[in-house]
Amino acid sequence: MKLKITTLLILVLLSVYFGYAQTPNSPVGGGEFVFNAEKYPCLTDDQRTSIKEELKNNVDELQLQNKLATSIKGRRGSHPLFIWPIQKANGVTFNDVWSISGYVDHNVNFPDQLTDFNCGTQTYDTNDGYNHQGVDIYTWPFTWKLMDENSVEIIAAADGQIIAKNDGEFDRSCSFNNNVWNAIYVQHADGSVAWYGHMKNGSLSTKNIGDTVTQGEYLGIVGSSGNSTGPHLHFEVYTDVSYTQLVDPFAGTCNNMNTDSWWANQIPYTNSNINAVMTHSQAPDVFPTCPTTETTYESNEFDISEDIYLSAFLRDQIADTPLALKVIRPDGSYLYDWSINTTTTASSWYYYWFFSVDAVGAWTWEVTYEGQTVTHNFNVTNALSVEDETLENTSIYPNPFTDVVNINSKNKIMKASIINVLGKTVLKFEENTIVGIKALNLSHLSKGMYFIRLEGTNIETKIIKLIKK
Ligand SMILES: [Zn+2]
(Lines give C-alpha, C1' and ligand atoms only; values in the text may rest on other atoms or scores of the structure.)
Protein backbone atom coordinates (compact mmCIF):
# COMPACT_ATOMS: atom_id res chain seq x y z
CA MET A 1 0.00 0.00 0.00
CA LYS A 2 2.77 2.35 0.97
CA LEU A 3 4.56 1.55 -2.28
CA LYS A 4 1.39 2.23 -4.26
CA ILE A 5 0.92 5.66 -2.71
CA THR A 6 4.54 6.57 -3.38
CA THR A 7 4.20 5.40 -7.01
CA LEU A 8 1.00 7.40 -7.38
CA LEU A 9 2.71 10.46 -5.92
CA ILE A 10 5.60 10.10 -8.36
CA LEU A 11 3.15 9.68 -11.25
CA VAL A 12 1.24 12.79 -10.18
CA LEU A 13 4.47 14.77 -9.86
CA LEU A 14 5.67 13.51 -13.24
CA SER A 15 2.36 14.36 -14.90
CA VAL A 16 2.46 17.85 -13.39
CA TYR A 17 6.02 18.28 -14.63
CA PHE A 18 5.42 16.88 -18.11
CA GLY A 19 1.92 18.31 -18.26
CA TYR A 20 3.51 21.70 -18.03
CA ALA A 21 6.45 20.95 -20.28
CA GLN A 22 5.05 18.66 -22.96
CA THR A 23 1.37 19.40 -23.50
CA PRO A 24 1.04 23.14 -23.03
CA ASN A 25 -2.72 23.46 -23.42
CA SER A 26 -3.18 26.58 -21.33
CA PRO A 27 -1.36 29.79 -22.12
CA VAL A 28 0.86 31.03 -19.33
CA GLY A 29 -0.58 34.49 -19.69
CA GLY A 30 -2.12 37.12 -21.90
CA GLY A 31 -5.51 38.75 -22.09
CA GLU A 32 -7.69 41.34 -23.67
CA PHE A 33 -6.70 44.86 -24.63
CA VAL A 34 -9.82 46.97 -24.19
CA PHE A 35 -9.28 50.23 -25.97
CA ASN A 36 -11.06 53.25 -24.47
CA ALA A 37 -12.83 51.19 -21.82
CA GLU A 38 -13.87 54.48 -20.20
CA LYS A 39 -15.73 55.53 -23.38
CA TYR A 40 -14.28 58.98 -23.52
CA PRO A 41 -15.49 61.03 -26.50
CA CYS A 42 -12.75 61.95 -29.00
CA LEU A 43 -14.01 65.55 -29.23
CA THR A 44 -16.12 67.75 -26.98
CA ASP A 45 -19.16 69.52 -28.47
CA ASP A 46 -17.27 72.80 -28.27
CA GLN A 47 -14.25 71.35 -30.02
CA ARG A 48 -16.40 69.91 -32.82
CA THR A 49 -18.22 73.24 -33.25
CA SER A 50 -15.01 75.23 -33.46
CA ILE A 51 -13.46 72.77 -35.96
CA LYS A 52 -16.56 73.10 -38.16
CA GLU A 53 -16.30 76.91 -38.03
CA GLU A 54 -12.61 76.80 -38.84
CA LEU A 55 -13.17 74.50 -41.82
CA LYS A 56 -15.96 76.72 -43.20
CA ASN A 57 -13.80 79.83 -42.79
CA ASN A 58 -10.83 78.16 -44.46
CA VAL A 59 -12.90 77.02 -47.42
CA ASP A 60 -14.32 80.56 -47.81
CA GLU A 61 -10.79 81.97 -47.63
CA LEU A 62 -9.47 79.50 -50.22
CA GLN A 63 -12.44 80.38 -52.45
CA LEU A 64 -11.66 84.12 -52.08
CA GLN A 65 -8.03 83.52 -53.00
CA ASN A 66 -9.19 81.40 -55.93
CA LYS A 67 -7.27 78.48 -54.43
CA LEU A 68 -10.18 76.18 -53.75
CA ALA A 69 -9.48 73.11 -55.90
CA THR A 70 -11.43 73.45 -59.15
CA SER A 71 -13.06 70.11 -58.90
CA ILE A 72 -14.20 70.98 -55.39
CA LYS A 73 -15.65 74.35 -56.42
CA GLY A 74 -18.10 72.57 -58.69
CA ARG A 75 -18.77 69.92 -56.05
CA ARG A 76 -19.67 67.46 -58.67
CA GLY A 77 -19.49 63.77 -58.89
CA SER A 78 -20.40 60.98 -56.59
CA HIS A 79 -18.76 60.43 -53.22
CA PRO A 80 -15.20 59.06 -53.15
CA LEU A 81 -14.42 55.40 -52.62
CA PHE A 82 -11.98 55.25 -49.71
CA ILE A 83 -8.98 53.05 -49.24
CA TRP A 84 -8.13 52.03 -45.67
CA PRO A 85 -6.61 55.14 -43.98
CA ILE A 86 -4.03 53.14 -41.97
CA GLN A 87 -0.91 51.37 -43.21
CA LYS A 88 2.14 49.93 -41.49
CA ALA A 89 5.38 51.76 -42.18
CA ASN A 90 8.21 50.19 -44.16
CA GLY A 91 10.27 47.74 -42.15
CA VAL A 92 7.62 46.92 -39.54
CA THR A 93 7.85 43.16 -38.95
CA PHE A 94 4.40 42.72 -37.42
CA ASN A 95 1.84 41.07 -39.65
CA ASP A 96 -0.59 43.91 -38.97
CA VAL A 97 -0.76 46.86 -36.61
CA TRP A 98 -4.37 47.89 -35.92
CA SER A 99 -7.83 46.97 -34.72
CA ILE A 100 -11.16 48.80 -34.43
CA SER A 101 -12.64 49.78 -31.07
CA GLY A 102 -15.71 51.70 -32.20
CA TYR A 103 -17.81 52.64 -35.21
CA VAL A 104 -20.42 55.40 -35.64
CA ASP A 105 -23.34 55.06 -33.21
CA HIS A 106 -26.63 55.11 -35.17
CA ASN A 107 -28.81 54.95 -32.07
CA VAL A 108 -29.61 58.55 -31.12
CA ASN A 109 -30.68 57.51 -27.61
CA PHE A 110 -28.24 57.36 -24.71
CA PRO A 111 -26.57 56.28 -22.54
CA ASP A 112 -25.51 52.76 -23.56
CA GLN A 113 -28.04 52.58 -26.36
CA LEU A 114 -25.74 51.45 -29.10
CA THR A 115 -26.22 50.45 -32.72
CA ASP A 116 -23.37 50.26 -35.19
CA PHE A 117 -23.88 49.99 -38.98
CA ASN A 118 -24.03 46.22 -38.71
CA CYS A 119 -26.70 46.34 -35.94
CA GLY A 120 -24.06 45.34 -33.40
CA THR A 121 -22.88 47.38 -30.42
CA GLN A 122 -19.26 48.05 -31.34
CA THR A 123 -19.59 51.77 -30.68
CA TYR A 124 -20.22 54.00 -27.71
CA ASP A 125 -22.13 57.01 -26.45
CA THR A 126 -21.91 59.13 -23.32
CA ASN A 127 -24.24 60.16 -20.50
CA ASP A 128 -24.57 63.67 -21.89
CA GLY A 129 -25.82 62.58 -25.28
CA TYR A 130 -22.78 62.21 -27.49
CA ASN A 131 -23.10 59.36 -29.97
CA HIS A 132 -19.76 58.37 -31.46
CA GLN A 133 -19.43 60.00 -34.87
CA GLY A 134 -16.41 58.28 -36.39
CA VAL A 135 -14.49 55.05 -36.57
CA ASP A 136 -11.70 54.60 -33.99
CA ILE A 137 -8.77 52.55 -35.26
CA TYR A 138 -6.16 51.80 -32.59
CA THR A 139 -2.65 50.43 -32.83
CA TRP A 140 -2.11 46.81 -31.71
CA PRO A 141 0.03 45.19 -30.39
CA PHE A 142 2.43 47.34 -28.32
CA THR A 143 0.32 50.41 -28.97
CA TRP A 144 2.72 53.10 -27.61
CA LYS A 145 5.82 51.43 -29.00
CA LEU A 146 4.24 51.52 -32.46
CA MET A 147 3.63 55.24 -32.00
CA ASP A 148 7.18 55.89 -30.69
CA GLU A 149 8.68 54.11 -33.69
CA ASN A 150 6.39 55.77 -36.27
CA SER A 151 5.17 52.32 -37.25
CA VAL A 152 1.54 53.13 -38.06
CA GLU A 153 0.88 55.71 -40.76
CA ILE A 154 -2.29 57.60 -41.54
CA ILE A 155 -2.77 57.95 -45.28
CA ALA A 156 -5.31 59.86 -47.37
CA ALA A 157 -8.38 57.66 -47.90
CA ALA A 158 -9.17 59.60 -51.07
CA ASP A 159 -7.80 62.38 -53.28
CA GLY A 160 -8.58 65.85 -51.99
CA GLN A 161 -7.43 69.23 -50.73
CA ILE A 162 -6.17 69.95 -47.21
CA ILE A 163 -8.61 72.54 -45.82
CA ALA A 164 -7.25 72.60 -42.24
CA LYS A 165 -4.34 71.23 -40.31
CA ASN A 166 -3.34 71.38 -36.65
CA ASP A 167 -0.02 70.21 -35.21
CA GLY A 168 2.11 70.93 -32.14
CA GLU A 169 -0.23 69.48 -29.51
CA PHE A 170 0.77 67.07 -26.71
CA ASP A 171 0.36 63.53 -28.00
CA ARG A 172 0.52 61.17 -25.00
CA SER A 173 -3.00 61.65 -23.61
CA CYS A 174 -4.41 58.86 -21.45
CA SER A 175 -7.78 60.33 -20.58
CA PHE A 176 -10.44 62.92 -21.29
CA ASN A 177 -8.50 66.15 -20.76
CA ASN A 178 -10.13 68.66 -23.11
CA ASN A 179 -6.82 68.88 -25.03
CA VAL A 180 -6.83 69.87 -28.68
CA TRP A 181 -5.88 67.13 -31.16
CA ASN A 182 -3.42 67.16 -34.02
CA ALA A 183 -5.41 66.62 -37.18
CA ILE A 184 -5.67 67.00 -40.94
CA TYR A 185 -8.96 67.69 -42.72
CA VAL A 186 -9.33 66.82 -46.41
CA GLN A 187 -12.12 67.92 -48.76
CA HIS A 188 -12.86 65.63 -51.70
CA ALA A 189 -14.04 66.50 -55.22
CA ASP A 190 -17.71 65.96 -54.34
CA GLY A 191 -17.46 68.40 -51.40
CA SER A 192 -17.35 65.74 -48.71
CA VAL A 193 -14.81 66.15 -45.92
CA ALA A 194 -12.74 63.59 -43.98
CA TRP A 195 -11.30 64.32 -40.52
CA TYR A 196 -8.13 62.50 -39.44
CA GLY A 197 -7.63 63.10 -35.71
CA HIS A 198 -5.34 62.31 -32.70
CA MET A 199 -2.10 62.40 -34.75
CA LYS A 200 1.39 62.27 -33.21
CA ASN A 201 2.96 65.66 -32.51
CA GLY A 202 5.26 66.77 -35.32
CA SER A 203 4.39 63.84 -37.57
CA LEU A 204 2.02 65.67 -39.91
CA SER A 205 2.62 65.94 -43.64
CA THR A 206 4.59 69.09 -44.51
CA LYS A 207 1.86 70.02 -46.98
CA ASN A 208 -0.15 73.11 -46.13
CA ILE A 209 -3.75 74.24 -46.21
CA GLY A 210 -4.73 74.52 -49.88
CA ASP A 211 -2.35 71.77 -51.04
CA THR A 212 -3.83 68.69 -52.64
CA VAL A 213 -3.18 65.14 -51.54
CA THR A 214 -3.63 61.95 -53.51
CA GLN A 215 -5.21 58.75 -52.29
CA GLY A 216 -2.68 56.78 -50.24
CA GLU A 217 -0.47 59.80 -49.55
CA TYR A 218 1.14 60.06 -46.11
CA LEU A 219 -0.73 62.40 -43.73
CA GLY A 220 0.82 61.58 -40.34
CA ILE A 221 1.48 59.02 -37.59
CA VAL A 222 -1.19 57.57 -35.29
CA GLY A 223 -0.86 59.27 -31.90
CA SER A 224 -2.83 60.10 -28.78
CA SER A 225 -3.32 63.87 -28.97
CA GLY A 226 -6.55 65.48 -27.77
CA ASN A 227 -9.19 63.55 -25.83
CA SER A 228 -7.73 60.10 -26.13
CA THR A 229 -6.83 57.08 -24.00
CA GLY A 230 -4.08 55.83 -26.31
CA PRO A 231 -2.80 55.95 -29.88
CA HIS A 232 -5.64 55.72 -32.39
CA LEU A 233 -7.05 57.37 -35.48
CA HIS A 234 -10.49 58.94 -35.26
CA PHE A 235 -11.82 59.06 -38.84
CA GLU A 236 -14.95 61.16 -39.25
CA VAL A 237 -16.68 62.02 -42.54
CA TYR A 238 -19.30 64.59 -43.61
CA THR A 239 -21.13 65.01 -46.93
CA ASP A 240 -20.13 68.69 -47.19
CA VAL A 241 -18.41 71.49 -45.35
CA SER A 242 -21.79 72.75 -44.06
CA TYR A 243 -22.11 69.45 -42.13
CA THR A 244 -25.64 68.74 -43.27
CA GLN A 245 -25.00 65.02 -42.96
CA LEU A 246 -22.56 62.83 -41.04
CA VAL A 247 -21.39 59.84 -43.08
CA ASP A 248 -20.75 56.36 -41.78
CA PRO A 249 -18.52 54.97 -44.53
CA PHE A 250 -19.53 51.39 -43.66
CA ALA A 251 -22.64 50.10 -45.44
CA GLY A 252 -24.93 47.92 -43.34
CA THR A 253 -28.52 47.23 -42.34
CA CYS A 254 -28.45 49.63 -39.41
CA ASN A 255 -26.63 52.49 -41.13
CA ASN A 256 -29.38 55.12 -41.17
CA MET A 257 -27.18 57.83 -42.70
CA ASN A 258 -26.17 56.49 -46.10
CA THR A 259 -27.10 53.30 -47.94
CA ASP A 260 -23.96 52.60 -49.95
CA SER A 261 -20.44 51.94 -48.71
CA TRP A 262 -17.85 54.68 -49.05
CA TRP A 263 -15.11 52.05 -49.07
CA ALA A 264 -13.66 50.71 -52.33
CA ASN A 265 -13.40 47.37 -50.49
CA GLN A 266 -15.29 47.38 -47.21
CA ILE A 267 -13.52 45.24 -44.63
CA PRO A 268 -15.58 42.48 -42.93
CA TYR A 269 -17.32 43.44 -39.67
CA THR A 270 -15.47 40.60 -37.98
CA ASN A 271 -12.00 40.90 -39.42
CA SER A 272 -10.03 38.25 -37.53
CA ASN A 273 -6.29 38.45 -38.03
CA ILE A 274 -3.02 37.38 -36.47
CA ASN A 275 -1.34 40.75 -35.93
CA ALA A 276 1.95 39.43 -34.56
CA VAL A 277 3.70 36.15 -33.76
CA MET A 278 6.85 36.70 -31.71
CA THR A 279 9.53 35.20 -29.46
CA HIS A 280 10.78 36.87 -26.27
CA SER A 281 13.48 36.46 -23.65
CA GLN A 282 10.86 36.98 -20.93
CA ALA A 283 7.14 37.71 -20.73
CA PRO A 284 6.35 40.89 -22.70
CA ASP A 285 5.08 43.87 -20.71
CA VAL A 286 1.98 44.55 -22.80
CA PHE A 287 -0.06 46.76 -20.45
CA PRO A 288 2.23 49.13 -18.53
CA THR A 289 0.63 52.20 -16.96
CA CYS A 290 -0.50 54.65 -19.68
CA PRO A 291 1.40 56.32 -21.37
CA THR A 292 4.47 54.17 -20.63
CA THR A 293 5.89 52.48 -23.71
CA GLU A 294 5.51 48.70 -23.60
CA THR A 295 8.60 46.48 -23.30
CA THR A 296 8.52 43.64 -25.80
CA TYR A 297 11.56 41.68 -24.59
CA GLU A 298 11.59 40.55 -28.20
CA SER A 299 14.42 38.19 -29.03
CA ASN A 300 15.08 35.85 -31.93
CA GLU A 301 18.40 34.48 -30.68
CA PHE A 302 18.48 32.07 -27.74
CA ASP A 303 20.85 29.78 -25.96
CA ILE A 304 19.59 26.22 -25.55
CA SER A 305 19.77 26.75 -21.78
CA GLU A 306 17.26 29.61 -21.86
CA ASP A 307 13.48 29.59 -21.58
CA ILE A 308 11.86 30.83 -24.78
CA TYR A 309 8.66 32.86 -24.61
CA LEU A 310 6.27 32.53 -27.55
CA SER A 311 3.41 34.93 -28.17
CA ALA A 312 0.47 35.43 -30.49
CA PHE A 313 -1.40 38.74 -30.83
CA LEU A 314 -4.85 38.55 -32.41
CA ARG A 315 -7.38 41.01 -33.81
CA ASP A 316 -11.12 40.27 -33.67
CA GLN A 317 -10.90 37.06 -31.71
CA ILE A 318 -14.14 35.09 -31.84
CA ALA A 319 -15.24 33.18 -28.72
CA ASP A 320 -14.89 29.40 -28.84
CA THR A 321 -12.80 29.11 -31.99
CA PRO A 322 -9.61 27.04 -32.32
CA LEU A 323 -6.15 28.55 -32.29
CA ALA A 324 -3.64 26.04 -33.69
CA LEU A 325 -0.04 26.24 -32.49
CA LYS A 326 3.19 24.53 -33.49
CA VAL A 327 6.77 24.75 -32.28
CA ILE A 328 8.84 23.23 -35.06
CA ARG A 329 12.41 21.95 -34.62
CA PRO A 330 15.22 22.69 -37.09
CA ASP A 331 14.73 19.18 -38.59
CA GLY A 332 11.01 19.87 -39.25
CA SER A 333 9.68 17.66 -36.44
CA TYR A 334 7.32 19.16 -33.87
CA LEU A 335 8.40 19.86 -30.35
CA TYR A 336 4.80 20.89 -29.67
CA ASP A 337 1.71 20.68 -31.84
CA TRP A 338 -1.42 21.67 -30.01
CA SER A 339 -4.57 23.74 -30.17
CA ILE A 340 -6.52 25.84 -27.71
CA ASN A 341 -10.05 27.18 -27.85
CA THR A 342 -10.56 30.91 -27.45
CA THR A 343 -12.90 31.89 -24.65
CA THR A 344 -13.88 35.48 -25.42
CA THR A 345 -14.87 37.67 -28.34
CA ALA A 346 -12.54 40.67 -28.32
CA SER A 347 -11.16 43.20 -30.80
CA SER A 348 -7.66 42.46 -29.48
CA TRP A 349 -6.25 39.63 -27.40
CA TYR A 350 -2.89 37.99 -26.80
CA TYR A 351 -1.43 34.79 -25.45
CA TYR A 352 2.01 33.71 -24.37
CA TRP A 353 3.68 30.48 -23.36
CA PHE A 354 7.19 29.54 -22.39
CA PHE A 355 9.19 26.43 -23.12
CA SER A 356 12.64 25.01 -23.11
CA VAL A 357 13.95 23.62 -26.39
CA ASP A 358 16.03 20.54 -27.16
CA ALA A 359 17.99 21.25 -30.35
CA VAL A 360 20.19 23.93 -31.84
CA GLY A 361 19.44 25.56 -35.19
CA ALA A 362 16.65 27.50 -36.91
CA TRP A 363 13.29 26.95 -35.22
CA THR A 364 9.79 27.99 -36.33
CA TRP A 365 6.88 29.17 -34.22
CA GLU A 366 3.65 28.79 -36.19
CA VAL A 367 0.19 30.12 -35.36
CA THR A 368 -2.99 29.41 -37.33
CA TYR A 369 -6.25 31.24 -36.70
CA GLU A 370 -9.41 31.58 -38.81
CA GLY A 371 -7.69 30.19 -41.91
CA GLN A 372 -4.57 32.35 -41.62
CA THR A 373 -1.13 30.98 -40.74
CA VAL A 374 1.72 33.20 -39.59
CA THR A 375 5.19 31.86 -38.81
CA HIS A 376 8.12 33.32 -36.92
CA ASN A 377 11.71 32.05 -37.00
CA PHE A 378 14.14 32.02 -34.13
CA ASN A 379 17.65 30.65 -33.63
CA VAL A 380 18.91 28.41 -30.87
CA THR A 381 22.61 27.99 -30.16
CA ASN A 382 24.48 26.15 -27.43
CA ALA A 383 26.99 28.33 -25.64
CA LEU A 384 28.44 25.48 -23.60
CA SER A 385 29.33 23.56 -26.75
CA VAL A 386 31.34 26.43 -28.18
CA GLU A 387 34.93 25.14 -28.35
CA ASP A 388 36.40 28.36 -29.65
CA GLU A 389 36.85 30.59 -26.72
CA THR A 390 37.84 33.93 -28.12
CA LEU A 391 38.10 35.97 -24.94
CA GLU A 392 41.76 35.49 -24.17
CA ASN A 393 43.46 36.61 -20.97
CA THR A 394 40.14 36.64 -19.17
CA SER A 395 39.82 35.19 -15.70
CA ILE A 396 37.62 35.39 -12.62
CA TYR A 397 38.55 35.58 -8.97
CA PRO A 398 38.12 34.39 -6.32
CA ASN A 399 37.01 30.93 -7.40
CA PRO A 400 35.52 29.34 -5.34
CA PHE A 401 33.74 32.47 -4.19
CA THR A 402 31.26 33.43 -1.48
CA ASP A 403 29.44 36.61 -2.63
CA VAL A 404 31.23 38.63 -5.29
CA VAL A 405 33.06 37.40 -8.38
CA ASN A 406 35.53 39.79 -10.03
CA ILE A 407 36.29 39.71 -13.72
CA ASN A 408 39.78 40.35 -14.99
CA SER A 409 39.90 40.90 -18.76
CA LYS A 410 41.71 42.92 -21.41
CA ASN A 411 38.35 43.13 -23.17
CA LYS A 412 35.25 45.01 -22.13
CA ILE A 413 32.73 42.45 -20.84
CA MET A 414 29.19 43.37 -21.94
CA LYS A 415 27.22 40.31 -20.89
CA ALA A 416 27.55 37.63 -18.25
CA SER A 417 25.30 34.60 -17.74
CA ILE A 418 25.33 32.14 -14.90
CA ILE A 419 24.42 28.65 -16.09
CA ASN A 420 23.70 25.77 -13.69
CA VAL A 421 24.88 22.20 -14.13
CA LEU A 422 21.62 21.30 -15.88
CA GLY A 423 22.51 23.80 -18.61
CA LYS A 424 19.87 26.30 -17.51
CA THR A 425 20.63 30.04 -17.46
CA VAL A 426 19.79 31.19 -13.93
CA LEU A 427 21.09 34.77 -13.97
CA LYS A 428 21.87 37.29 -16.69
CA PHE A 429 23.79 40.54 -16.49
CA GLU A 430 24.15 43.15 -19.16
CA GLU A 431 26.07 46.41 -18.91
CA ASN A 432 26.67 48.87 -21.71
CA THR A 433 29.04 51.20 -19.87
CA ILE A 434 32.55 52.28 -20.83
CA VAL A 435 34.22 49.86 -18.43
CA GLY A 436 31.71 47.00 -18.88
CA ILE A 437 31.12 44.38 -16.20
CA LYS A 438 33.93 44.23 -13.64
CA ALA A 439 32.27 42.37 -10.77
CA LEU A 440 29.11 40.38 -10.11
CA ASN A 441 27.31 40.11 -6.83
CA LEU A 442 26.13 36.50 -6.66
CA SER A 443 25.26 36.44 -2.97
CA HIS A 444 21.72 35.19 -3.70
CA LEU A 445 22.96 32.19 -5.69
CA SER A 446 22.68 28.82 -3.92
CA LYS A 447 25.88 26.96 -3.14
CA GLY A 448 27.19 24.66 -5.87
CA MET A 449 28.85 24.43 -9.22
CA TYR A 450 28.00 26.76 -12.12
CA PHE A 451 29.38 27.99 -15.40
CA ILE A 452 29.84 31.66 -16.10
CA ARG A 453 29.60 32.69 -19.75
CA LEU A 454 31.23 36.05 -20.53
CA GLU A 455 30.67 38.01 -23.71
CA GLY A 456 32.75 40.85 -25.08
CA THR A 457 31.69 43.73 -27.31
CA ASN A 458 31.82 41.63 -30.47
CA ILE A 459 31.00 37.96 -30.46
CA GLU A 460 33.96 36.81 -28.38
CA THR A 461 33.02 34.58 -25.45
CA LYS A 462 34.53 32.58 -22.64
CA ILE A 463 33.00 30.01 -20.31
CA ILE A 464 34.56 29.37 -16.92
CA LYS A 465 33.50 26.89 -14.26
CA LEU A 466 32.89 28.49 -10.88
CA ILE A 467 32.06 27.21 -7.45
CA LYS A 468 29.94 28.95 -4.86
CA LYS A 469 31.00 28.09 -1.33
ZN1 LIG B 1 -13.33 58.53 -31.99
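Strand S7 is joined by five bridges to strand S8 (residues 193-197), and the two run antiparallel. Strands here are DSSP E runs of at least two residues, helices are H or I runs of at least four, and both are numbered from the N terminus. Two strands pair if DSSP finds at least two bridges between them. This is a predicted model: local features need pLDDT of at least 70, side-chain atom pairs count only at pLDDT 80 or more, and totals for chains, interfaces and linings use all residues. Residues are numbered from 1 along each chain as its sequence is written.

Ala183 stands opposite Gly197 in S8. Five residues lie between the strands in the hairpin of S7 and S8, where Gly191 takes a positive phi near 95°. S7 also pairs with strand S6 (residues 160-166), in the antiparallel sense, over five bridges. There, Ala164 has Tyr185 of S7 as its bridge partner.

Is S7 (residues 183-187) mostly covered or mostly open? Mostly covered: five of its five residues are buried. A residue is buried if 20 or more other C-beta atoms, placed from the backbone, lie within 10 Å of its own; exposed means 12 or fewer, and partly exposed is in between. Ala183, Tyr185 and Gln187 are on one side of S7, Ile184 and Val186 on the other.

## Chain and domains

The chain has four helices and 27 strands. Its C-alpha trace spans about 85 × 60 × 40 Å along the principal axes. Of its 469 residues, 37% count as buried. Among contacts with a separation of 6 or more, 69% come from residues 24 or more positions apart. A contact means C-beta atoms, placed from the backbone, within 7 Å.

The chain is divided into domain 1 (45-247), domain 2 (273-381) and domain 3 (388-468). These bounds come from an automatic or database domain assignment. The centres of domain 1 and domain 3, taken over C-alpha atoms, are separated by 54 Å.

## Nonpolar cores

The largest nonpolar core has 78 residues; Val193 and Tyr196 touch the most other members. Strand S15 (residues 308-317) gives the most to this core, with six residues. Domain 1 and domain 2 both give residues to this core, so it lies between them. Apart from it lies another core of 15 residues, including Val405, Ile419, Leu440 and Ile452. Such a core is a set of buried Ala, Val, Leu, Ile, Met, Phe, Trp, Tyr and Cys residues joined through C-beta atoms within 7 Å.

Beyond its neighbours within four places in sequence, Val193 is in contact with Leu55, Ile163, Tyr185, Val186, Gln187, Tyr238 and Val241.

## An open sheet

Four strands form an open antiparallel sheet in the order S1-S18-S15-S13. Strand S1 (29-32) and strand S13 (273-280) are at the edges with a single partner strand each, so one side of each has no neighbour in the sheet. Four bridges join S1 to strand S18 (residues 346-355). Gly30 stands opposite Tyr351 in S18.

## Backbone details

The peptide bond from Trp140 to Pro141 is cis, with omega near 0°. Pro141 is in the loop between strand S4 (135-139) and helix H4 (143-148). The bond from Asn399 to Pro400 is also cis, with omega near 5°. Pro400 lies between strand S21 (394-397) and strand S22 (404-409), in the loop.

His198 has a positive phi near 80°. It counts as buried, with 30 C-beta neighbours inside 10 Å. Glu370 has a positive phi near 50°. Glu370 is partly exposed, with 16 other C-beta atoms within 10 Å.

Note on methods: Contact = placed C-beta atoms within 7 Å.
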